[in-house]
Amino acid sequence: METKDKSFRDKISTTGDKGERVWVYADKPKGKLTNYRFLTAIILIVLLFVAPFVKINGNPLILLNFPERYFVFFGTYFWPQDIYILFVLVLSFLVFVLLFTVTFGRIWCGWACPQTIFMEIVFRQIEYLIEGNPHKQKLLDSKPLDFEKFWKKSLKHLIYFAISFLIANAFLSYIIGIESLSKIVTEPPQNHIKGLIAITIFSGIFYFVFAKLREQVCCFFCPYGRLQGVLIDPDSIIVAYDYKRGEPRGNNVNSGDCIDCKQCVKVCPTGIDVRNGSQLECVNCTACIDSCNAVMSRIGKPKGLIRMASENEIQFGKKLRFTPKIIAYMSVFVVLISTVFFLFNNRKSIEATIYRTPGTVYQVNGDSTLSNLFSFKILNKKRENLNIELKLINTDGKLQIMGENPFVLHEGQAMEGRFFVILQKEKVSKQNSKIKIEVLSNGIVESEKEVNFISE
Ligand code: SF4
Ligand code: SF4
């Protein structure tokens, strides 16, 4: 339920009447949930910076190497040929996000999203340290430039840029790998102009996001945030104000528990009033819960006037339940994730293509044999060198590669080549015979290909 006055829906809380930006000066939240949130954030930040150094069997934990078109998840390489597995994996992740959002609302945004974590736990804390509380920040912003304003703003933005630079380095290490990043950082700059340009651009983007855009990212730009309106339903658990208990707000004998102190509004990093009901700008950071709980403790009322609850719980007292929507999302998720496991377990270590070389016909040799020329392309999807061998299997004859057979195919590399299949003339009864070729990797059959052998 919402307040009768719905004018708050007409505009974004951080936009003024003339469309100008209304800067949010949020109070520093304090309380049990804030402590848990800080702890979670610190663990996630450490993981973010440490993960690029973690190796599994010598392979990165996560690498999204877009420039060279391969990805690594938990030490396993995925090549463009594995795109179907990645597609199902991404689809599973999206369904998981939908399922999680339908059930628990936007808790990801407030507790795990890098944007909120860095904004609230790192950048805003630096602002409190240098510029003081929101009242002092406002005063500093409104006064003309003097020595105090100059050094405080310069110091703050210098630190902001330094942290943005660190985040840009971490971000890049997930794309090019920690080894390539170390080379950019340690070797002469002229050897890594592109890398340095990339770091500078990313640092600038992160600085702009955290110094200027801030909560606007969550309110305007984040596609996940924009989806909330369709994902959340009255059974989703959100940060909710218990209007049944709180209204009418005020400070007299007939009032509910809300004393209209507006502490929940002052602490909100997106500048909204949670008492208006479910709003798109709410990132479920839970800061207002801590603030209101502190107020309730002071006035001797039970905590939880603002709490994690569904609209149906507040209105009808219904607890979390498995709605048909949740069950449907869960079923789709189970099917998708099982498909990922199946595809992954059946994934081969090589990808082989064999075909008769276009534009060629059969050759009649002097020794009563016929030969056909074939082309092959083999990709080693593993992070180790493989011994590859091609074998003719269902026909008496010879397979003659132009080069060595078996041959070594280096990790992650593709090789193209040609070979002849030579058969005794009398054994070829048809114009178009099917022959089979096995591709072995380290002595294990990885692929079997059927091709046409043509003759007179
Ligand atoms: S902090 Fe609690 S009591 Fe104060 S205005 Fe918000 S809901 Fe009402
Ligand atoms: S309404 Fe509460 S939970 Fe939502 S963003 Fe504001 S402070 Fe965070």
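Helices (H or I, at least four residues) and strands (E, at least two) are taken here as DSSP runs, numbered from the N terminus. The structure is a predicted model, in which local features need pLDDT of at least 70 and side-chain atom pairs count only at pLDDT 80 or more, while totals for chains, interfaces and linings use all residues. Residues are numbered from 1 along each chain as its sequence is written, chains are lettered from A and ligands numbered from 1 in the order in which they are written, and side-chain values use heavy atoms, with hydrogens and water left out.

Proline 248, found in the loop between α11 (243-246) and α12, is joined to glutamate 247 by a cis peptide bond with omega near -10°. A cis peptide bond also links asparagine 405 to proline 406, with omega near 5°, and proline 406 belongs to the loop between β12 (398-401) and β13 (407-409). Arginine 69, in the loop between β3 (62-65) and β4 (70-73), has a positive phi of about 55° although it is not a glycine.

Two packed helices are described by the angle between their axes and the distance between the axes. Axes are lines fitted to C-alpha atoms, for helices over the stretch in contact, and angles run from 0 to 180 degrees between N-to-C directions. The axes of α1 (residues 32-50) and α6 (residues 147-176) come within 9 Å and cross at roughly 55°, and α1 and α6 are therefore oblique to each other, given that angles under 35 degrees count as roughly parallel, over 145 as roughly antiparallel, 65 to 115 as roughly perpendicular and the rest as oblique. Leu47, Leu48 and Phe49 of α1 make the contact (heavy atoms within 4.5 Å) with Leu166, Ile167, Ala170 and Tyr174 of α6. With α13, helix α1 packs at an angle of about 150°, the axes being 7 Å apart, which makes α1 roughly antiparallel to α13. In this pair, Lys32, Leu33, Thr34 and Arg37 of α1 meet Ala287, Ile289 and Asp290 of α13.

Around ligand 1 there are 13 residues, the closest being Cys258, Cys261, Lys262, Cys264 and Cys292, where a residue is near a molecule if one of its heavy atoms lies within 4 Å of it. Both α12 (263-266) and α13 (287-299) supply at least two residues each to this shell.
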